[in-house]
Amino acid sequence: MKATAKAHPIQGLVKYHGMRDTERRMPYHDSISVCTAPSHTKTTVEFLPDADEDVYVIGGEEVDGRGAERICAVVDRVRELAGFDHRVRLESENSFPSNIGFGSSASGFAAAAMALAEAADLDVTRPEISTIARRGSASAARAVTGAFSHLYAGMNDTDCRSERIETDLEDDLRIVAAHVPAYKETEQAHAEAADSHMFQARMAHMHAQIDDMRDALYDADFDAAFELAEHDSLSLAATTMTGPAGWVYWQPRTIAVFNAVRELRTEEEIPVYFSTDTGASVYINTTEEYVDRVEEVVADCGVETDVWSVGGPAEVLDESEALF
């Protein structure tokens with residue numbers, strides 16, 4: 001009853017904001033993202049019938065409080081489906097920085113759900129596992145199915161699942177990740193999203209955004225897809241900044257990267273677009289042909305950079321790769 005799994009974090013393209021069901025983490029509307037690789041989370045779990053309590057360890061530190069509650073929501077769902085109440089030991093580690101806007105909760109809960117389902121010997125598909133991962137983080141549902149994926153808001157807990165979108169953009173996309181460390185409170189931002197006067201305006205155009213993004217992906221239209229992602233980032237920020245707490249995640253270097261990207265696009269005619277989730281760090285989307293030039297310019301903004309490509313679905317690893 002032990003398994004290890006790996007999942008890649010996500011970059012939100014058409015991002016969800018706010019949850020209509022906070023317990024099962026069901027968002028108000030659909031969302032689309034792309035997984036980034038080789039960045040990943042690796043998680044090992046083991047069910048222990050004779051143990052007295054669950055143990056959760058991330059990055060070598062035991063997790064308690066709200067973090068443990070979120071993990072427990074995923075673990076409890078697996079226990080419910082498996083029909084047992086065995087305690088579990090879970091250990092996880094990331095290959096990239098956490099909590100600076102690079103989707104670590106998505107890869108973390110996706111890897112956990114994948115490993116737990118395997119350890120519990122559940123006969124489930126990845127879309128079904130996505131409904132388990134969603135209870136820890138709605139974005140984790142899309143990290144389960146991988147690459148470009150669509151999370152459907154659905155009508156109920158079963159419908160609210162992720163499915164992969166096939167597109168020829170997978171091979172050519174390159175993502176320059178601009179690290180701008182700044183602590184963020186994504187969960188609190190989601191909790192108050194509907195209190196923003198911009199929320200209903202965002203909701204009003206969500207269906208069209210989703211349709212347009214799917215069309216752009218089907219057509220492998222790079223500019224259409226990532227121009228949409230750039231504008232969606234601005235829409236998300238407008239909603240977040242106009243909530244009760246007035247969250248402002250962007251930092252001076254975030255804005256500097258935005259400006260550098262737009263200069264590359266207008267002055268050098270490079271296909272390049274920025275995107276952010278709830279955080280100060282920036283994803284810069286371009287193609288393999290131009291990625292070296294884009295990374296050079298972004299690094300000149302005084303930020304640490306990585307170059308990522310598209311990551312696949314969550315997967316179970318060989319027992320030799322277990323963390324314990």
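Trainee: How many bridges join strand β7 to β8?
Mentor: This is a predicted model. Strand β7 covers residues 55-58, and β7 and β8 run antiparallel. V57 stands opposite E62 in β8. The number of bridges joining β7 to β8 is two.

Trainee: Which strands are the edge strands of the open sheet of six strands?
Mentor: The strand order of this sheet is β8-β7-β9-β6-β1-β16, with mixed pairing. An edge strand here pairs on one side only. The edge strands are β8 (61-62) and β16 (315-317).

Trainee: α2 packs on the sheet; which strands is it touching?
Mentor: The direction of α2 makes about 35 degrees with that of β6. The strands that α2 touches are β1 (2-7), β6 (41-48), β9 (87-94) and β16.

Trainee: Is α1 roughly parallel or roughly antiparallel to α2?
Mentor: Two packed helices are described by the angle between their axes and the distance between the axes. For helix α1 (residues 65-82) and helix α2 (residues 104-119), the angle is about 25 degrees and the axes are 10 Å apart. Angles under 35 degrees count as roughly parallel. Therefore α1 is, relative to α2, roughly parallel.

Trainee: In the crossing where α1 passes α2, is it left-handed or right-handed, and which residues make the contact?
Mentor: The crossing of α1 past α2 is right-handed. On the α2 side the contact is made by S105, F109, A113, L116 and A117. On the α1 side the residues are R70, I71, V74, V75 and V78.

Trainee: How do the residues of the contact of α1 with α2 divide into nonpolar, polar and charged?
Mentor: The contact residues include R70 of α1 and S105 of α2. Arg counts as charged, and Val, Ile, Leu, Phe and Ala count as nonpolar. The division is one charged, one polar and eight nonpolar.

Trainee: How many residues of strand β12 are buried?
Mentor: In a regular strand the side chains alternate between the two faces of the sheet. On one side of β12, L173, I175, A177 and H179 are buried, and on the other R174, V176 and A178 are buried too. Strand β12 (residues 173-179) is therefore largely enclosed by the rest of the structure, its buried residues being seven of the seven.

Trainee: Which residue in β14 is the bridge partner of L173?
Mentor: β12 pairs with strand β14 (residues 282-287) in the antiparallel sense over six bridges. In β14, the partner of L173 is T287.

Terms used
Residues numbered from 1 in each chain as written. Predicted model: local features only at pLDDT ≥ 70, side-chain atom pairs only at ≥ 80, totals over all residues. Heavy atoms only, no water. Axes fitted to C-alpha atoms, helices over the stretch in contact; angles between N-to-C directions. Helix = DSSP H or I, 4+ residues; strand = E, 2+ residues; numbered from the N terminus. Parallel < 35°, antiparallel > 145°, perpendicular 65-115°, else oblique. Left-handed = near helix turned anticlockwise from the far one by under 90°. Contact = heavy atoms within 4.5 Å. Buried < 20%, exposed > 50% of the residue type's maximum accessible area, 1.4 Å probe, protein only. Pairing = 2+ DSSP bridges.
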